Amino acid sequence: MSVSDYTETEGLPAADRKPYKPWSYDDADAKLYIPRLGAGQDRWFAAALSDQKGKAPSRLAVFAERPQHKRWEMVSVVDLDSPKLPDIALDHDGYATAVAADGNKHLAADANLLRTAVLDNFATGGTHTGTKVFTPTTASKRQIEVHDKTGTRFGDQGTTVFAGAANRYKDAYALKTADGGALVLFSHMHTQTDAVAHSGLQINPGKEDRAWLHDVPRTSITYIFVCNDAATVPAKAAPSRLIGYTCARTDASGPPVPSWSERV
């Protein structure tokens, strides 16, 4: 359970809380991609994980060493839309090859451009960079669908606007693929701001919002999401493929309606 999941669950009445079922993976079927790293480089590896024995991977995770904590930590996990992963380039000892995720001139897109394209999928439906950087995939279509459906659900009673947020998670990881491209894993943060169209209207928070908004009607609500993303990037100038992403709401805030503020 993530911190955001725990926060949301704690805000629910006891009767609405679902029993927590921890996610586990079958280590016998885990496929590890361990890069051969040089002296002084931060140590990390990627793992394709399945939650059922004998089943294809459903998640892609990154584990990184944290010397200050004297332990390894899972720093990223992405739900995959397809169990088929790209072939990772391996050396004669079976080690993967780590490549630069940022500023890599040998790739069609680096993590910064991929992040910009993902944010554009949410913010504009991919109009500016999203559909130029990514070829259509299940994951990229889902992001555009979030923009299209969420942005119009209030009709003329309100608006929804997506925007990028200051990203606290700038680490990105990349492994060379057999075709010369790369599998890139990165994170992004975005906001979703819902607002009423005019005075006299209010947004009533749902029960899932209670931990942050406490059932107080608002004139606008800004949600913050932290997301992990995975994409395959070609070496030549061609579109990349978003193969999965996972988002969690981590905060929500907004001004109460005037009548409620007066009561307080």
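**Exercise 1. Determine how accessible Y95 is, and describe the surface feature to which Y95 belongs.**

Step 1. Y95 has a relative accessibility of 34% and therefore counts as partly exposed, given that buried means under 20% relative accessible area, exposed over 50%, and partly exposed in between, with a 1.4 Å probe and protein chains only. The model is predicted, so that local features need pLDDT of at least 70 and side-chain atom pairs count only at pLDDT 80 or more, while totals for chains, interfaces and linings use all residues. Residues are numbered from 1 along each chain as its sequence is written, and side-chain values use heavy atoms, with hydrogens and water left out.

Step 2. Y95 sits in the loop between β4 (71-79) and α2 (111-124), where helices (H or I, at least four residues) and strands (E, at least two) are DSSP runs numbered from the N terminus.

Step 3. Together with L32 and I34, Y95 forms a nonpolar patch on the surface with about 260 Å² of accessible area. Patches are made of residues with over 30% relative accessible area and no salt bridge, like charges being joined within 9 Å and nonpolar side chains (Val, Leu, Ile, Met, Phe, Trp, Tyr) within 5 Å; the areas come from the Shrake-Rupley method with a 1.4 Å probe, and for residues only the protein chains shown count as cover.

**Exercise 2. Compare the span of α2 with its expected value, and identify what its buried residues pack against.**

Step 1. The 14 residues of α2 reach 20 Å from the first C-alpha to the last, close to the 20 Å expected at 1.5 Å a residue; the expected span is 1.5 Å times one less than the number of residues.

Step 2. The buried residues of α2 include L114, R115, V118 and F122, and the buried residues of this helix pack against α3 (130-133), α4 (138-150), β5 (158-164), β7, β8 and β9 (241-253), contact meaning heavy atoms within 4.5 Å.

Step 3. Just after α2, G125 takes a positive phi of about 80 degrees.

**Exercise 3. Characterise the surroundings of S187.**

Step 1. S187 lies in strand β7 (residues 182-196) and is buried, with a relative accessible area of 6%.

Step 2. Leaving aside residues up to four places away in sequence, S187 touches R115, N167, Y169, D171, C227, N228 and D229.

Step 3. The side chains of S187 and N228 are joined by a polar contact of 2.9 Å, that is, a pair of N or O atoms within 3.5 Å, of which, within protein, one must be able to donate a hydrogen and the other to accept it, residues adjacent in sequence counting only if both atoms are side-chain atoms.

Key. Salt bridge = Lys/Arg side-chain N within 4 Å of Asp/Glu carboxyl O.
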